[in-house]
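Work through the exercises below with the sequence and the model at hand. Each task is followed by a solution in steps.

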Amino acid sequence: MINIQQKHLLQVPSGLLQVPRLPQSSSTHGYAAQPSDLVFPIHFSLIIPTFNERDNIEKMVGQLSQLLDEVLPNDYELLVVDDNSPDLTWQYAQDLTDQYPNLLVMRRQHERGLSTAVIRGWQAARGEVVGVIDADLQHPPAVLLQLLEKIDAGADLAVASRHVEGGGVSSWSATRRFLSRGAQLLGLMILPRVLSSVSDPMSGYFLVKRKAIAGVPLNPVGYKILLEVIGRGDIQQIAEVGYVFQEREVGESKVTWRQYKDYLHHLTRLRIDSGRLGRWGRKFNFPMGRFIRFAFVGLSGLLVDMGLLYFFYEILSFGLTRSAILAGELAIVNNFLWNDRWTFKDLSKKQSSPRQQLKRFLKFNIICLMGLILKILLLNVLFNGLHLNAYLANFLAIAVVTAWNFWINLRLNWRVTQIG
Ligand code: GDD
Ligand code: MN
């Protein structure tokens, strides 16, 4: 028996964050699925991500339905994707479905975050064109019609922008303006292709053709889903429409410092994945992002080692050997902690008892020691055997040993194979 309450709730897609080329089985639309069920595509699906937007949702759905009933009668759907809001937004939205037959509601209980909410919505959507709009009326609904026109005129992506003619922000503080522009500038440096292709890459108000993003696994962090769409999608033609970012009347913005951190993280991930290294890594199935983190940790270890050597040797006047051993071991501790908490975080979380941690630390020590021996051997071969310059030989030896250390740690210590 289907629970009446649950009947109109959309099923939450799971697995990869990947939009299918064609709409999937109607089970996602809340009714018992028949394998033979065909899902007919419709023209347009608009995702409304919500978190504690109880007081905005009715007005939002009302305005959007009024607009879309005129231009796309019964050829559109509105999908509220709510992350189990404590204020019960999902229930408020569900209560509106009788009045608004094109409204569907998804309640996510096991996943959180704006970007993934949007993609989960797209995964369940039936539209050939999919889009997203904030639920808090800061994105004026009327602009939607212009965005739809741009898509009909051939654009793969239509973005509502604060930075083209007709666009702006109503009354942002100087600080917020500065941060917003600063974030954009930083993005331009890290990911010029993506950031320079639109005037407002931070926009959370845009439409995109399904075919431009279908079949590609998306992997966003944080808020800025548009970066992901441009970075990984197959977007030929982009159009922009100006809009004024309205003030929020009710509810609260969820933006905190965390979003800035996520943004940086997202930029670097896209950078690595879309660069030559990333392509090479995918070809050989090499975990490039992880390796780059590992190499950074190695670099930090070098600084720790040098600094402590100076401290023990020059300041505390320990003997050179004793100073070097102490500095070396403390650098190993430093590297272990960073690798455990950052490079291999996902894997160490799954084996987090103190005993398992200690075991990893001891193994890490042994691997480092073997690495050191390997390095000295290599250095000798390169320097004495091949007569390379001593510093070049040292550099090459370090590079090889870093790769070796990484591989052994991945396979034997953090054990990516066993945990999958
Ligand atoms: N499902 C879900 N899960 N929705 C969320 C979450 C979440 O974790 N966090 C925020 N939302 C919803 C909010 O309810 C709102 O509808 C929308 O996402 C935007 O959140 P705000 O907190 O209102 O963001 P803002 O006003 O600072 O807007 C900024 O981000 C927007 C979205 O990317 C600006 O950069 C806008 O230009 C941008 O459109
Ligand atoms: Mn907002």
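**Exercise 1.** Decide whether D152 is buried or exposed.

Solution. Step 1: set the cut-offs, where buried means under 20% relative accessible area, exposed over 50%, and partly exposed in between (1.4 Å probe, protein chains only). Step 2: D152 counts as exposed because its relative accessibility is 56%. Step 4: from C-alpha to C-alpha, D152 and V129 are 9.8 Å apart in space, and 23 residues apart in sequence.

This is a predicted model, in which local features need pLDDT of at least 70 and side-chain atom pairs count only at pLDDT 80 or more, while totals for chains, interfaces and linings use all residues. Residues are numbered from 1 along each chain as its sequence is written, ligands are numbered from 1 in the order in which they are written, and side-chain values use heavy atoms, without hydrogens and water.

**Exercise 2.** Find which residues coordinate the manganese ion (ligand 2).

Solution. Step 1: look for donors, meaning N, O and S atoms within 2.8 Å of the metal (3.2 Å for Na, K and Ca); water is not among the atoms, so sites may look incomplete. Step 2: D136 (OD) and Q138 (OE1) coordinate the ion at 1.9 to 2.0 Å. Step 3: both D136 and Q138 are buried.

**Exercise 3.** Describe the surroundings of ligand 1.

Solution. Step 1: 27 residues surround ligand 1, and the closest are E53, D83, Q138, R248 and K254; a residue counts if one of its heavy atoms lies within 4 Å. Step 2: strand 2 (42-50) and helix 4 (114-124) each supply at least two residues of this shell. Step 3: list the polar contacts (pairs of N or O atoms within 3.5 Å). A polar side-chain atom of E53 lies 2.5 Å from an oxygen atom of ligand 1, and one of Q138 lies 2.7 Å from an oxygen atom of ligand 1.

Technical notes:
Polar contact = N/O pair within 3.5 Å; in protein donor to acceptor, adjacent residues only side chain to side chain. Helix = DSSP H or I, 4+ residues; strand = E, 2+ residues; numbered from the N terminus.
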